[in-house]
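Please look over the model shown here. The paragraphs that follow go through a helix pair and then a set of strands.

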Amino acid sequence: MILAYMKPTNYCNVGCTHCYLPEIVRANKYRMSLDTLEKAGVLLNDMVKAQRRDGALVLWHGGEPLTVPVDWYYQAGEILDRVLPNHMQAIQTSLVPWRDEYRDWVIERCGREIGSSIDFSQRQIKGSVENYHKLWMMKVDKVRADDIRVVPGVVPTRHELGREKWLIDWFVERDFDVVNLDRYNAYQNYFDDRPNNLEHSYFLMGLFDAVTEQTEKTGSAPVIGAVKAGIMGVLFETPGDRWGTTCQSDFIVVEPDGSLNNCPDKST
């Protein structure tokens with residue numbers, strides 16, 4: 001399946017130090033035109049046919065995709081149904097701008113699932129991470145009430161080093177069964193809180209141990225892609241993370257102006 005990060009806007013109303021987009025890009029409220037979306041859909045359909053894939057996954061990304069009105073997504077869906085018949089849709093959002101008007105669209109188009117980033121040091125409300133977590137969980141509970149699943153995504157900083165068991169416990173206590181974890185990248189920038197490669201490696205080892213401990217204690221633990229990838233690499237000699245080298249052929253980023261890339265962290 002072809003995976004497309006489709007970015008209707010790069011605008012975001014939540015600021016995070018680890019964001020791969022510069023602040024000046026996140027401040028731009030430019031929105032993808034429906035004509036650009038249609039051309040992107042045609043390109044994706046060509047990629048599906050050329051590589052004999054089953055279809056494409058359109059992941060609405062950004063920026064913050066929930067700053068775009070839901071009517072735009074309904075129109076986008078009609079266009080993609082026409083030019084990209086074998087496709088599915090998903091969304092990655094901070095959840096902070098969530099409004100009930102998106103509920104039916106998420107249920108209908110995104111399979112009752114939302115990917116949402118959650119951070120443990122970068123985002124604060126009135127100087128407090130706890131206040132941000134309360135707001136985020138309030139949004140999670142709101143969408144869960146409509147039987148919509150939330151899959152958290154974490155970008156670990158130096159503040160999370162050595163806290164791997166605490167992180168697992170945090171997600172278990174809040175009933176999350178899947179957690180995505182991404183590398184804190186810093187192209188053309190330097191951030192004091194970014195772990196170096198050695199520190200990130202030790203974090204992953206600690207995470208592996210914490211997942212193992214949780215499984216031994218209760219019989220289950222949240223599925224974490226980085227841990228799963230490590231196990232799959234040992235057992236089946238597959239690439240150690242979701243990217244491997246296949247991103248050169250089955251992954252694409254479509255910017256709001258229609259420009260293309262195959263690495264979101266380097267897209268700007």
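H7 and H8 are roughly perpendicular to each other, a label used for angles of 65 to 115 degrees. Helix H7 covers residues 197-218 and helix H8 residues 225-236; they pack at an angle of about 90°, and their axes lie 10 Å apart. Axes are lines fitted to C-alpha atoms, for helices over the stretch in contact, and angles run from 0 to 180 degrees between N-to-C directions. Leu204, Leu207, Phe208 and Val211 of H7 meet Ala226, Val227 and Ile231 of H8, where contact means heavy atoms within 4.5 Å. By class, this contact of H7 with H8 holds seven nonpolar residues, no polar and no charged ones; Ala, Val, Leu, Ile, Met, Phe, Trp, Tyr, Cys and Pro count as nonpolar, Asp, Glu, Lys and Arg as charged, and the others, Gly among them, as polar.

This is a predicted model, in which local features need pLDDT of at least 70, side-chain atom pairs count only at pLDDT 80 or more, and totals for chains, interfaces and linings use all residues. Residues are numbered from 1 along each chain as its sequence is written, and side-chain values use heavy atoms, with hydrogens and water left out.

The strands come next. Helices (H or I, at least four residues) and strands (E, at least two) are DSSP runs, numbered from the N terminus. Strand S2 (residues 56-60) is largely enclosed by the rest of the structure, because four of its five residues are buried, meaning under 20% relative accessible area with a 1.4 Å probe, protein chains only. Strand S1 (residues 2-6) runs parallel to S2 and is joined to S2 by five bridges; strands pair if DSSP finds at least two bridges between them. Leu3 has Leu57 in S2 as its bridge partner. S2 also pairs in the parallel sense with strand S3 (residues 87-93), over five bridges, and Trp60 stands opposite Ile91 in S3.

Note on methods. Buried < 20%, exposed > 50% of the residue type's maximum accessible area, 1.4 Å probe, protein only. Parallel < 35°, antiparallel > 145°, perpendicular 65-115°, else oblique.
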